[in-house]
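This briefing sets out the architecture of one protein model for a reader working with its coordinates. The points below are grouped by topic.

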Amino acid sequence: MWSIKPLRFGRFRHGSASRRLKGVRAHKFTGLAPYCVSCVSIRAIAQRTMTITKPDRRLAKIVAVALGAALLLTRGTGWEPLKTAAAQTTTAATSTNLETLEVRPSFFVIAGGGANVGVQVGEDGVVVVDTGTAADAQAILAAIKRISPKPIRYIIDTGPDADHIGGNQTLAKAGERVLSGGGGRNANSMLPIVGVENMIRHLTKLPADALPNETFHYPRKSMYLNGEAIEVLSQPDAHTDSDAFVFFRRSDVVVAGDILDTRQFPVIDVARGGSIQGEIAALNRLVELAVPSVPIVSREAGTIVVPGHGHLCDQYDVIEYRDMVTIIRDRVRELIKAGRSLAEVKAAQPAKGYVGRYGGPGGGETTDRFIEAVYQGLVKEKA
Ligand SMILES: [Zn+2]
């Protein structure tokens, strides 16, 4: 039966890691049964919602109904997150492939159009973090318009990948720059697109109006919009050499980009300056930035971390992910110390125990790519 108790953002917080995993597995969608609201968390629902693919229309409807019912049941408990998301999820599931989640009163995540897109709204207008793929740009723009009628004021890119910056041009064109004397359109000035300076080196084929035009090479660039401080925090040589976290301090949301990808092992793009050392340093930084809901753990509040892809996280999830990456790094390091070649390292399966969860779909390609990147980073370190 449905039980009326506040939904939890985290999943199975009081259980062990294995219980948490088991719980998630036990509720994997079979299409046969609807959600049990008493034991499925908002985030578990969000996770399903955010990973729904085109053919899963029926699934999407079930999620939307479950989410709607869940929210109805929590009404009056004083804890009403994702209210708008329920309505929008229902709409989105029937019209496009995008899903919109309200994660904080002024902060939304649009999923399904490439990278997770962060949308901060308020009286100053809209700040967008990552813009998804070029193919989904119009749909993402429409989804943003459904969240707020105010103009887009800023775009912030977390990195140079096409699925994060593909909508830059379309969204920038639709936006209106904030002028020093107040709002208003100025046809001659492009909308600011913020990104780490190195990004430009990787995006030589893009037209000028799709590129970041407010780049920075120092650790932190900040701004203050919609009543809160926004920090763009450079993370050197992690997924690439031009990654950044975007921290919304009042909303207490960090958009982490591809340094955190809950679907798989992190992609370390060695060719574009990524490194295992930088990846772990960045994950450590993310753990530091995020505050868990202590001492009142039952409240399930705390900092929300939006990964580049996959479900929303709290600090515990980031710790788990960081530990996974660190353990595999240490195993590879031991093998290198023992004089093993790359082929021998791969044969020794240093990612054992994590492949099922983070190995991506079929073939072991994701695992291979990750191990190779770790190996290359550590061999360089040794030299
Ligand atoms: Zn990505």
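Helix α5, residues 137-147, lies across strands β1, β2 (107-111), β3, β4 and β5 (152-156), and it runs at about 155° to β2. The model is a predicted one. In total, the secondary structure of the protein comprises 13 helices and 12 strands. Of its 383 residues, 53% count as buried. Among contacts between residues at least 6 apart in sequence, 62% join residues at least 24 apart.

**The seven-stranded sheet**

- The sheet is open and consists of 7 strands in the order β1-β2-β3-β4-β5-β6-β7, with mixed pairing.
- The edges are taken by β1 (99-104) and β7 (214-216); each has a single partner strand, so one side of each is left without a neighbour in the sheet.
- From one strand to the next, the twist averages 20°.
- In general, the strands of a sheet pair through backbone hydrogen bonds, in either a parallel or an antiparallel sense.
- Strands β3 (residues 117-122) and β4 (residues 125-129) are paired in the antiparallel sense over 5 bridges.
- Within that pairing, G118 has V129 of β4 as its bridge partner.
- Strands β4 and β5, in turn, pair in the parallel sense over 4 bridges.
- Here V127 has Y154 of β5 as its bridge partner.

- Strand β8 (residues 220-225) runs antiparallel to β9, and 6 bridges join the two.
- One of the facing positions places S222 opposite E231 in β9.
- The hairpin of β8 and β9 has 2 residues between the strands, and in it N226 takes a positive phi near 55°.
- Strand β9 also pairs with β10 (residues 243-248), in the antiparallel sense and over 6 bridges.
- In this second pairing, S234 stands opposite A244 in β10.
- How many residues of β9 are buried? In this strand, residues 228-235, the count is 8 of 8, and β9 is described as mostly covered.
- In a regular strand, side chains alternate between the two faces of the sheet.
- Both faces of β9 are covered: E228, I230, V232 and S234 are buried on one side, and A229, E231, L233 and Q235 are buried on the other.

**Packing of helices α9 and α10**

- Helix α9 (residues 276-289) packs against helix α10 (residues 315-337) at an angle of about 155°, and their axes are 9 Å apart.
- An angle over 145 degrees counts as roughly antiparallel, and α9 is therefore roughly antiparallel to α10.
- The crossing of α9 past α10 is left-handed.
- On the α9 side, the contact is made by I276, E279, I280, L283, N284, L286 and V287.
- On the α10 side, the contact is made by Q315, V318, I319, Y321, R322, V325, T326 and R329.
- Sorted by class, the contact of α9 with α10 holds 9 nonpolar, 3 polar and 3 charged residues.

**Backbone features in loops**

- Most residues other than glycine have a negative phi, and most peptide bonds are trans.
- A cis peptide bond joins V294 to P295, with omega at about 5°.
- The loop that holds P295 is the one between α9 and β12 (304-309).
- The phi of D130 is positive, near 65°, in a residue other than glycine.
- Residue D130 is located in the loop between β4 and α5.
- Is D130 buried or exposed? The relative accessibility of D130 is 0%, so D130 counts as buried.
- Residue D252 likewise is not a glycine, yet it has a positive phi of about 60°.
- The loop between β10 and β11 (253-261) is where D252 is placed.
- The relative accessible area of D252 is 22%, and D252 is therefore partly exposed; the range for this class lies between 20% and 50%.

Methods:
Residues are numbered from 1 along each chain as its sequence is written. This is a predicted model: local features need pLDDT of at least 70, side-chain atom pairs count only at pLDDT 80 or more; totals for chains, interfaces and linings use all residues. Side-chain values use heavy atoms; hydrogens and water are left out. Two strands pair if DSSP finds at least two bridges between them. Axes are lines fitted to C-alpha atoms, for helices over the stretch in contact, and angles run from 0 to 180 degrees between N-to-C directions. Contact means heavy atoms within 4.5 Å. Angles under 35 degrees count as roughly parallel, over 145 as roughly antiparallel, 65 to 115 as roughly perpendicular and the rest as oblique. A crossing is left-handed if the near helix is turned anticlockwise from the far one by less than a right angle, and right-handed if clockwise. Ala, Val, Leu, Ile, Met, Phe, Trp, Tyr, Cys and Pro count as nonpolar, Asp, Glu, Lys and Arg as charged, and the others, Gly among them, as polar. Buried means under 20% relative accessible area, exposed over 50%, partly exposed in between (1.4 Å probe, protein chains only).
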